[in-house]
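Student: I have a model open and would like to work through it with you. Could we go through it piece by piece?

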Amino acid sequence: MSSLLIKNGTLIDGTGGNPLPGAAILVEDNKLKEVGRADKVSRPAKDLTEIDAQGGYILPGFIDCHVHLMGEKFDLQKSIMTPFSYHFYEAIEYFRRTVMAGVTSVRDAGGMDLGTKMAIENGLVLGPRVKISINGLSITGGHGDGWVPSGISLDTPPYPGMPDAICDGVSDVRKKVREVLRAGAEIVKICSTGGVLSPTDRPEYTQFSPEELAAIVQEAHFRGGVKVMSHAQGTEGVKQAILAGIYSIEHGIFLTDEIIELMLERGTYLVPTLFAPVSIIEDPEAKQKLPPFLYQKAADVVEIHRNNVKKAYLAGVKIAMGTDSGVMEHGRNLRELGLMCDIGMSPMESILASTKVASECLEWQDRVGTLEEGKLADVVITRMDPLEDIRTLADNDNIAVVIKDGKVVKDMRLS
Ligand SMILES: [Zn+2]
């Protein structure tokens with residue numbers, strides 16, 4: 001058995017309690033064995049590695065509830081010219097960057113197959129712990145349909161671990177849910193409205209009928225209570241998704257008071273991904289590379305999105321951190337916390353949304369999300385105090401140490 005002692009730092013444990021200066025954590029194998037004041041934490045005599053936090057801040061590994069780890073920044077030319085297998089090798093770098101940013105668990109909202117998840121789990125490649133959805137279900141012509149006006153499809157061709165995403169009608173959607181579950185989906189992802197980065201629809205468009213949505217939720221529920229997450233931006237599509245029993249609303253741009261009431265009633269999560277549209281309009285390349293109508297769609301929604309997420313936050317809707325990483329470069333995930341604070345969250349609330357609440361959204365609260373005894377040892381040490389300035393988390397040089405599953409995977413401490 002190997003032991004790791006993290007010492008000389010201020011503990012921000014992800015439970016929302018007061019920061020604890022002079023804290024220590026004893027890790028045994030991959031689990032947190034003792035957490036608390038340094039003088040109360042035991043110090044095994046044998047096989048002990050010590051990590052001096054150097055007066056920094058000790059936090060749980062962060063959790064991003066909405067990423068697309070298998071791709072990065074839509075590029076029409078590139079997606080046509082890249083051979084199929086090349087994407088897998090590129091993705092190894094995306095996984096690494098995600099972990100280096102301090103994100104140790106994610107929910108992949110479409111694109112990762114079971115074999116890739118296993119490669120991370122078995123340590124073949126470094127990456128975050130992933131809850132996979134396989135592929136996001138979409139109607140014909142919907143947000144997940146890669147058809148373009150030339151008549152070709154830009155979607156990755158289906159392969160044994162990756163069924164295609166398109167389904168229409170109650171019996172077809174049932175079959176598609178069964179296919180993604182067979183392929184290893186731990187959450188079912190669907191698109192119940194149009195979106196920003198899709199050629200043939202708009203965020204306001206409603207996709208899937210109430211009957212189709214109900215069939216999807218029921219079919220997933222039959223398999224041990226698998227939950228459904230929905231890309232949902234337009235008012236009608238968000239409302240129908242919530243009424244059908246969908247577990248988490250992704251993006252949620254055109255929320256209304258009525259929808260916010262429904263989310264509160266049903267305990268629906270909101271994963272705002274505030275960074276997604278912001279990243280597009282901030283990116284000088286996007287303006288050149290994206291078709292102008294796609295760029296304009298992103299610019300149109302930023303303000304509306306912020307205002308409505310703010311309303312949902314003030315009303316008390318459960319908000320879990322998600323970025324839609326892949327829309328922007330991977331490894332910039334913690335920028336989202338600053339954007340959450342811009343809509344009124346306190347730094348501590350944004351940390352909770354990215355740790356404890358996010359772990360609940362992933363139904364992994366027994367494993368990760370807080371630094372409490374018995375949980376997996378996913379730990380981040382920052383040089384600067386995130387409660388003082390939440391934006392420092394977005395600087396990866398400030399993320400001095402990352403420990404995943406009891407193993408030090410990043411160590412940039414000054415010696
Ligand atoms: Zn997404």
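Student: Is R413 buried, exposed or partly exposed?

Tutor: This is a predicted model, in which local features need pLDDT of at least 70, side-chain atom pairs count only at pLDDT 80 or more, and totals for chains, interfaces and linings use all residues. Numbering starts from 1 along each chain as its sequence is written, and side-chain values use heavy atoms, without hydrogens and water. Buried means under 20% relative accessible area, exposed over 50%, and partly exposed in between (1.4 Å probe, protein chains only). R413 has 24% relative accessibility, so R413 counts as partly exposed.

Student: And D324, buried or exposed?

Tutor: D324 is a ligand of the zinc ion through OD, alongside H66 (NE2) and H68 (NE2), at 2.1 to 2.3 Å. Donors here are N, O and S atoms within 2.8 Å of the metal (3.2 Å for Na, K and Ca); water is not among the atoms, so sites may look incomplete. With a relative accessibility of 9%, D324 counts as buried.

Student: What spacing do the donors of the zinc ion follow along the chain?

Tutor: The donors are H66, H68 and D324. Read along the chain, their spacing is H-x1-H-x255-D.

Student: How are α7 and α10 oriented to each other?

Tutor: The axes, lines fitted to C-alpha atoms over the stretch in contact, have angles from 0 to 180 degrees between N-to-C directions. Those of α7 and α10 come within 10 Å and cross at roughly 40°. Angles under 35 degrees count as roughly parallel, over 145 as roughly antiparallel, 65 to 115 as roughly perpendicular and the rest as oblique. The two helices, α7 and α10, are therefore oblique.

Terms used. Helices (H or I, at least four residues) and strands (E, at least two) are DSSP runs, numbered from the N terminus.
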